[in-house]
Amino acid sequence: MKNFFKLLFASVALVAAVGCETDETGNEGGGVVALPTPNATANVTENSILLAWDAVEFAIYYEVSLNGGEAAKTEAPVYRFEDLDYSAEYTITVVAISADQTKYLNSEPKVLTVAIGAYDAPQYREWYAIAPVTALSNNGRWAVGCFDKNGVIIDLQNNRASDVLNMEFNDVADNGLAVGARFRGADDGGTAIYYKDGEYFDVDLGDLPSNLYCSSLVGVTPDGTKAAGWFYDYDEHTYYTTLFGNVVPFVYDIVNDRVTVLQVDETYSQYRGATQCVAISPEGTIIGLEQSVLGMFAIKWADEYAAWEYIHMLTDDDRAPIEWFGSMGKTLLSAGGTYAIGAGVPEGEKEEIAAAYDLKNNTIMWFPSLCSVSTMTEDGVAFLNDVPYGYGTTSFVIDTKKDLETAYTLVEWLKAEHNIDLTEYIQDGIIMVGASLDGRTLVGMTSTMSGYLNFAINLDGERVTE
């Protein structure tokens, strides 16, 4: 019996000794455990994030990912994310990958939340592009433009400019949704589209046109839900072309993918040549142009269901126009929809001059000796050109709340009103094309031997270096 207890004790001791062994991986008891979680830290420099951590023993490499996206591999315990968005928060994940899964599992992920501050925009900055800017979003973040079937998109918040081939952009919403047309080839007409985050969506016009040549979207509401556009129908005998002429205006409901053809005013239908949308206000007022043998007249639709009204037109006893507002491609809207801007012909004159129409107070403003108004702030500061758009011009500024006669050059106005001296940066030949809703961000363009130079002026920006 004593020998039996001695043998039992020896067996228990042996089992205990074996159970306490440590295998060659260092795992007590020989079990497979996960690698330690990387001890990572993040350092932000402007719009980049430098991620670093202590090396993890037995890790063959590391996987890092941003906001749950595709993981990148790195063998070094460091990784840099570059060209990120300003004013954004990012979630970063780091995982140590085991060299031998039979000995160690991958680590648990280390998750960090990193914020990038706002971009400190200078008072003036510029970009060269294949197309000139033509519009600015109401919030002052996005600028878009077009020329010869190519477009440009500028993200002012992140100081990025991108050329986009075979697409033209006419307007942009506050969320970066741009509207315009795409082109399949050099001889193809455009197809109306909206474009966001590098992806475009065609507007299906169904069977509205009988013989569709081209279509385009020209304006979008700041919230990106509705856009105004037009299509060109070769068949002059279809229902819509008999009403409008070959160019037919429509509104596109982006959310519900629905097209509504606008309604016509029959006043001068016997003279009509073409009708086109050019802009849409935040509340859905659509601005357009009626072209006829009598002239170019600005029109507005209160909404997509109302017939148009003339914005400003005086007629004689024979109902022929004697004073009117409206110029080809230049009757646009201020950001908040307060002013229709462009040019017109005053009573007793034969030539167009710059003009703006206050849609809220139903009053017109004439600017003698200037050609057209290219953009206007909601508080009444008008930017004008002294020769037709596209021929090279000098931008002038008139504060309509003070008087309609005193015109400054842009450089003079910036210096006098905002103590900003851009003499070394802004030369003759520029055109101002957009103002944000608050009037603090302005965009313009000029043509150079190197292409189009687009620029932005931030009235609250950091002073530019000499």
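Okay, let's start with Ser334, which sits in the loop between β29 (332-333) and β30 (339-345). Buried means under 20% relative accessible area, exposed means over 50%, and partly exposed lies in between, using a 1.4 Å probe and protein chains only. And what does Ser334 touch, if we skip residues up to four places away in sequence? Tyr339, Met376 and Glu378, where a contact means heavy atoms within 4.5 Å.

Quick word on the model before I go on. It's a predicted one, where local features need pLDDT of at least 70 and side-chain atom pairs count only at pLDDT 80 or more, while totals for chains, interfaces and linings use all residues. Residues are numbered from 1 along each chain as its sequence is written, and side-chain values use heavy atoms, with hydrogens and water left out.

Now the whole protein. We've got 3 helices and 39 strands, and of the 466 residues, 50% count as buried. The accessible surface comes to about 22700 Å², and 49% of that belongs to carbon and sulfur atoms; areas like this come from the Shrake-Rupley method with a 1.4 Å probe, and for residues only the protein chains shown count as cover. If you take contacts with a separation of 6 or more, 48% of them are between residues 24 or more positions apart.

Next, strand β12, residues 142-147. Why call β12 largely enclosed by the rest of the structure? Because 5 of its 6 residues are buried. On one side, β12 is joined to β11 (residues 133-136) by 3 bridges, and the two run antiparallel; two strands pair if DSSP finds at least two bridges between them. Here Leu136 stands opposite Ala143. The hairpin of β11 and β12 has 5 residues between the strands, and Gly140 there takes a positive phi near 75°. β12 also pairs with β13 (residues 150-155), again antiparallel, over 6 bridges, with Trp142 opposite Asp155. That hairpin has 2 residues between the strands, and Asp148 has a positive phi near 50°.

On to a sheet. It's an open one of 4 strands, in the order β10-β39-β38-β37, with antiparallel pairing. β10 (124-129) and β37 (431-435) are at the edges with a single partner strand each, so one side of each has no neighbour in the sheet. The twist averages 25° from one strand to the next, with axes being lines fitted to C-alpha atoms (for helices, over the stretch in contact) and angles running from 0 to 180 degrees between N-to-C directions. β37 and β38 (residues 441-448) are joined by 4 bridges, and Gly434 stands opposite Val443.

In soluble globular proteins, nonpolar side chains tend to be buried together. A nonpolar core is a set of buried Ala, Val, Leu, Ile, Met, Phe, Trp, Tyr and Cys residues joined through side-chain atoms within 4.5 Å. The largest has 37 residues, and Leu217 and Ile286 have the most contacts inside it. β21 gives the most to this core, with 5 residues. A second, separate core of 21 residues includes Trp53, Leu84, Ile92 and Ala96.
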